[in-house]
Amino acid sequence: MTTLQERPASTAAPAATESTVATPVRADTGWGALLVLLTGTFVTLLDFFIVNVAIPSIQVDLRAGPSAVQWVVAGFGLALAAGLITGGRLGDLYGRRRLYTSGLGLFTLASAACGLAPTAGVLVAGRVVQGVGAALLMPQVLAIITTVYTGARRARAFSAYGVAVGLGAVFGQLVGGLLIRMDIAGLGWRSIFLINLPIGVAAVAASRRLLPESRSATGARLDLVGTVLVTLGLIAVVHPLVAGESASWCLAALPPLAAFALRQRRLARRGGAPLVHPGLFGDRAYTVGVLVSLAFQLTMASFFLVLAVYLQDGRGLSALASGLLFAPLGVGYLVTSVLSGRFAAGRGRRTLTVGTLVVAAGYALLAFAAHDPVGWLVPGLTVAGVGMGLVVAPLPSIVLAGVAARHAAAASGVLSAAQQAGNAIGVALIGSVFYGALGTGGFPHAFTLGLTVLVALGVAVALLVRLLPRRTA
């Protein structure tokens, strides 16, 4: 078993501070480790999206009311967003492989609880635990890639990560529709959760053999006060949005997040171990990259939501048929995400600028086709998928390029938390535009109006990308 330990850069410096930690002694491993990491990434993102197509069946089978159904979806996202920063820091302190394996194991056990749930309450609880498991494992994926792979191998690893992210998000609805349609062993909707069991068990077993361990080499402890503050702040940001409350409730996040920021600065000045080191944000690529990630995610989850509602409720397609219509988007994404690492290596931020504008163009094409037969949506979906592949795959590599190895998981946790916050804010924003327009002009009108806002957001993201350093990949 290969073990990566980060060494003090100077023996004369105090051993207890993280400023003494440098890069790993070894940073080479096979592609089997990457496959294990991408398996965890894929199943967690798949479960984030797949549950949407099972909602009608869950309502009937478990006699779930509107509130319970809402929390089947929102419970996962809320727990995930609230735990990502803490999960990243735990990986830096106690071992990234250990936290990845623990998170994946917890996610797998929670999947079993969801698949066997006798009531809606048990299902909601299982979804929350799934989110906790995902929050533990997701930051470790980017952190391990950052610390283990270098040069061209790292670029290829990030491209593969982007492919896994896209496949989980884009094909979630299609996979869910197929599983429910096949009705394996009469399990119905339960199969979308139980399918995780063999995958999770195999990945946990392989991770112990294939994944190298890495951690910060200091004796620092987890900042418990900071953990409580940032968790409360993130819950206050995300909860009102996923629960459909007024966005003004998000203002309740300001006091705990402000207190968290002050505490992190104080700990850093005193030579302590902050949960998120303020020095991370001294890197322009990282700071702007986190903002770009948040802004771009405003357009992603919200687009998938309004598209799914438009296709099923507005155009009368089944879950499987609407899932199949996602295939052109997935093909476009797959092609460019495989090639995007090569593009970004030579062009840096220009790849992201082009990608965001291409996504906006795809949305514009869809808006023009909103009143036409559903087949006319295919060109717009394909173009949007091409643009998404140019952004989602290289963006983590660009954002994390200058992050020190000792902060890799914590930095990944902040990045992932920003993305989840972007998802929640985007769904609340575009959802309010979409549903508000339904009462005045029907589904095509609402879909067109929602897409118009998304086009404007896409152009704004392209302008924000210009603040990145020219060479960041």
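## Surface patch

Val331, Leu334, Val335, Val338 and Leu339 together form a nonpolar surface patch with about 390 Å² of accessible area; accessible areas follow the Shrake-Rupley method with a 1.4 Å probe. Such a patch joins nonpolar side chains within 5 Å, from residues with over 30% relative accessible area and no salt bridge (a Lys or Arg side-chain nitrogen within 4 Å of a carboxyl oxygen of Asp or Glu). Leucine 339 belongs to helix H15, residues 327–347, and counts as partly exposed because its relative accessibility is 30% (buried is under 20%, exposed over 50%, partly exposed in between).

## Basis of the model

The model is predicted, with local features requiring pLDDT of at least 70 and side-chain atom pairs pLDDT 80 or more, while totals for chains, interfaces and linings use all residues. Residues are numbered from 1 along each chain, and side-chain values use heavy atoms, without hydrogens or water.

## Overall architecture

The protein chain contains 19 helices and 2 strands, assigned as DSSP runs (helices H or I, at least four residues; strands E, at least two). Of its 473 residues, 57% are buried. Its accessible surface is about 18,200 Å², and carbon and sulfur atoms contribute 68% of that area.

The whole structure holds 1 cavity of 30 Å³ or more, meaning a set of points on a 1 Å grid where a 1.4 Å probe fits but cannot get out. The largest cavity has a volume of about 340 Å³, taken as the space filled by probe spheres set on the points. Its lining comprises 23 residues, with Leu45, Val165, Gln297, Val392 and Gln419 nearest the centre; lining residues have an atom within 4 Å of a point. Elements giving two or more residues to this lining include helix H1 (31–50) and helix H19 (408–465). H6 supplies the largest share, 5 residues.

Technical notes:
Buried < 20%, exposed > 50% of the residue type's maximum accessible area, 1.4 Å probe, protein only. Patch = residues over 30% accessible without salt bridge, like charges linked within 9 Å, V, L, I, M, F, W, Y side chains within 5 Å. 1 Å grid on protein atoms, 1.4 Å probe; cavity = no way out; pocket = protein on both sides within 12 Å on 5 of 7 lines; lining within 4 Å.
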